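Please read them with the structure open.

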Amino acid sequence: MPILHIEHEISDLTTWLETFKRFAPAREQAGVQQAEVFQPSDDPHYIVVNLRFESVDAASNFRKFLTAVVWASPETSPALVAAPTTRVLTEVNL
C-alpha cells in the first residue's frame, strides 16, 4: 500500500491539528486509507505524517492537491513554517 510521507516544521501542534482535522473530508475523498502522525521526541515544532493510499496515482494526486491548495497560502496552512518535504513510498518486499 503506497504511503504519502510528509515532513515539515510547524509553529505549534494545536493549530496544526485543528487544520489537519479540518481537511479530513478532503483526505477521505482522495482515498486516504489510514493516517499516522508523529513528532520527534526532541522537537515539538516538527511533524511527520504518513497517509496510506490504494495506489501510487492516488497518493501523487493528493500530494498535488496539498501543494496547490493547502500549502499554497497561510490561511489554509496556518501552522506551516517551512515548505514540506514529501515522498510517495512503496513497500519493499524482504
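1. Arg27 is buried yet has no salt bridge, and the nearest side chain of opposite charge, Glu28, is 8.8 Å away. Buried here means under 20% relative accessible area, exposed over 50%, and partly exposed in between (1.4 Å probe, protein chains only). A salt bridge requires a side-chain nitrogen of Lys or Arg within 4 Å of a carboxyl oxygen of Asp or Glu. For charge, Lys and Arg count as positive and Asp and Glu as negative, while His and the chain ends are not counted.

2. The model is predicted: local features need pLDDT of at least 70, side-chain atom pairs count only at pLDDT 80 or more, and totals for chains, interfaces and linings use all residues. Residues are numbered from 1 along each chain as its sequence is written, and side-chain values use heavy atoms, with hydrogens and water left out.

3. Where does Arg27 lie, and what is it in contact with? Its place is in helix α2 (residues 24-30). Leaving aside neighbours within four places in sequence, Arg27 is in contact with Phe20, Lys21, Val32, Leu51 and Phe62. Contact means heavy atoms within 4.5 Å.

4. On the fold: the protein has 3 helices and 4 strands, in the sequence order β-α-α-β-β-α-β. These are DSSP runs numbered from the N terminus, helices being H or I with at least four residues and strands E with at least two.

5. The C-alpha trace spans about 35 × 30 × 20 Å along its principal axes. Of the contacts with a separation of 6 or more, 68% are between residues 24 or more positions apart.

6. The protein exposes about 5800 Å², with carbon and sulfur atoms supplying 52% of it. Accessible areas come from the Shrake-Rupley method with a 1.4 Å probe, and for residues only the protein chains shown count as cover.

7. A search of the whole structure finds 1 salt bridge. Arg52 forms a salt bridge with Glu36, their closest N and O atoms being 3.7 Å apart. The pair links distant parts of the chain, with Arg52 in strand β3 (residues 46-52) and Glu36 in strand β2 (residues 34-38), 16 residues apart. Arg52 counts as partly exposed because its relative accessible area is 23%.

8. Ile6 is found in strand β1 (residues 3-9) and is buried, at 5% relative accessibility. Not counting residues up to four places away in sequence, Ile6 touches Ile47, Val48, Val49, Leu51, Leu66, Trp71, Pro84, Thr85 and Thr86. Ile6 and Ala83 are 77 residues apart in sequence and 10 Å apart in space, C-alpha to C-alpha.

9. Ala79 sits in the loop between α3 (56-70) and β4 (85-89). Is Ala79 buried or exposed? At 3% relative accessibility, Ala79 counts as buried. Beyond its neighbours within four places in sequence, the contacts of Ala79 are Glu9, Ile10, Ser11, Asp12, Thr15 and Trp16. The C-alpha atoms of Ala79 and Leu17, 62 residues apart along the chain, are separated by 8.9 Å.

10. Two other residues can be checked on the model. Ser55, in the loop between β3 and α3, is partly exposed at 30% relative accessibility; its C-alpha atom is 6.0 Å from that of Pro2, 53 residues away along the chain. Ala68, in helix α3, is exposed, with a relative accessible area of 56%.
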